[in-house]
Amino acid sequence: MNMSDLKYWIWLSELFSRGSDKPNALLDEFDTPERIFHATEEELARTEILGKDDIARVMRHSLDRSEYIEKECEKLKISIVVQSDTRYPKRLKRIYGAPVLLYVYGNIADIDDEVVIGVVGTREPSEYGTQVTNQLCYELANSGVIIVSGCAVGIDANAHLGAVKAGKRTIAVLGCGLDINYPAANHQLKRQILLNGGALISELPPGTTVNGHYFPTRNRIIAGLSLGVLVTEAPRRSGSIISLNHALEQGRDTFCIPPHDIYDPRYRGVVVPLRDYAKAVYDANDILFEYYNEYSHKLTADKVIGDYMRQIAADRSQLKQVADESAYQTSDAVVQEKPISPDGDSLGLTGNKLIVYNALDDEPQYINEITVKADMPLQTVLSTITELEIDGFAVSYSGQRYGRVIKQ
């Protein structure tokens, strides 16, 4: 990319509020920021993307601030990674309101090829939350997972510390400019992240001080970089739950660690997700297992996963033995034939109900499996399963598992 184009990318990134999808919609229409910059008022109006105030803002045609930011980045040795740059993560580019550009210290190359997990939680964790997050992220990083978090005090810091303790790469997404020492307590942690080959990134230019409005929009980036998002401890109204909602909207996996006290309002935010859609995490294997088939060449947890799979196989074998024994009558050993549920077409189901019912099995399946088989958004699958339950065609089990109701 021509370096002179950077000022146009910076200009576009500063036009609208963070998280707006208007820059991306304009790029779809005009291809490059420079063409947007030089577009006439009539051309902009024809797109029907912008309101009058938006068009007036575009038509001011000032590059002064963009050129200043570019010089500051050169001075501070901050990389500017724009959407047309091959270093820009493809996962992030696909989300609604994807940042026009990222300001980067360190290395974000090839993270689309890695198992990246976002880890977030309260700034005031319990001792339990601190220890669990640190240990879990140590194990995940040691197994080949890249941990992404927000480098805030509390759970975020412990997520990064676990990865740093393992000597592995981790990425911090900041809610301020990269040159701002916030939080001051994590200054040394940021240095260690960079020394371990990780990165500090932000969509905010250098000099941008801390503002509470930036953190919720920062959370969409954490989710957008990740295959899944894990929450340790969080209140119901918190940035961590916003991150989990972003993950749901973006079609990412959602994980929560069961809290040590479900009645404590400081940590109760994970209760509803655990009940309704998130997978409960009791150790690193609960996350690694989700990605091992596709990313076995990246994950180094062969022995751990092997033990885990053997345990699952043993559990299933034991359950099958119990089921087989109960299938015979004790007196004359007559086999009880298991009823087979009919196909959705024969039940008169149509639309989403038909698709989701046919994705279900007589045996319980995790919601993630059902979503993949149905090839539908998670929220749609969940609401459709609820309808099927009400109609008597589906049944829910513990651990976010669902199956068909077998008609006798």
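The protein exposes about 20,100 Å², of which carbon and sulfur atoms supply 49%; accessible areas were computed with the Shrake-Rupley method and a 1.4 Å probe, and for residues only the protein chains shown count as cover. The model is a predicted one, in which local features need pLDDT of at least 70 and side-chain atom pairs count only at pLDDT 80 or more, while totals for chains, interfaces and linings use all residues. Residues are numbered from 1 along each chain as its sequence is written, and side-chain values use heavy atoms, with hydrogens and water left out.

Of the 408 residues, 50% count as buried (under 20% relative accessible area, with exposed meaning over 50% and partly exposed in between; 1.4 Å probe, protein chains only). The secondary structure comes to 18 helices and 12 strands, taken as DSSP runs (H or I of at least four residues for helices, E of at least two for strands) and numbered from the N terminus. Among contacts (heavy atoms within 4.5 Å) between residues at least 6 apart in sequence, 67% join residues at least 24 apart.

Strands are said to pair if DSSP finds at least two bridges between them. E7 pairs with strand E3 (residues 116–120) in the parallel sense over 4 bridges, and isoleucine 117 stands opposite glycine 228. E7 is also joined by 4 bridges to strand E8 (residues 253–256), again running parallel, with threonine 254 in E8 as the bridge partner of valine 229. From E7 the chain passes through helix H12 (residues 239–249) to E8, a right-handed β-α-β crossover (with the strands pointing away from the viewer, the path from the first strand over the helix to the second runs clockwise).

Helix H11 (residues 214–225) contains asparagine 219. This residue counts as buried because its relative accessibility is 4%. Leaving aside residues up to four places away in sequence, asparagine 219 touches Gly239, Ile242, Ser243 and His246.

Two further helices show how burial is arranged around an axis. In helix H2 (residues 22–30), the buried residues are Pro23, Asn24, Leu26, Leu27 and Phe30. They lie on the same side of H2, because they cover an arc of only 160° around the axis (the arc of the directions from the helix axis to the C-beta atoms). Their cover includes helices H1 (6–13), H3 (33–38) and H4 (41–46). Aspartate 31, which follows H2, has a positive phi near 75°.

In helix H10 (residues 187–195), Leu189, Lys190 and Ile193 are buried. Seen down the axis of H10, they fall within an arc of 100°, so they line one face of the helix. Helix H9 (155–165), strand E5 (170–173) and strand E6 (199–202) are among the elements that cover them. Glycine 197 follows H10 and has a positive phi near 90°.

Elsewhere, 3 strands form an open antiparallel sheet in the order E10-E12-E11. Strands E10 (365–366) and E11 (394–397) stand at the edges with a single partner strand each, so one side of each is left without a neighbour in the sheet. E10 and strand E12 (residues 401–404) pair over 2 bridges, and tyrosine 402 in E12 is the bridge partner of glutamine 365. Helix H18 (residues 378–391) lies across E11 and E12, at about 115° to E11 (axes are lines fitted to C-alpha atoms, for helices over the stretch in contact, and angles run from 0 to 180 degrees between N-to-C directions).
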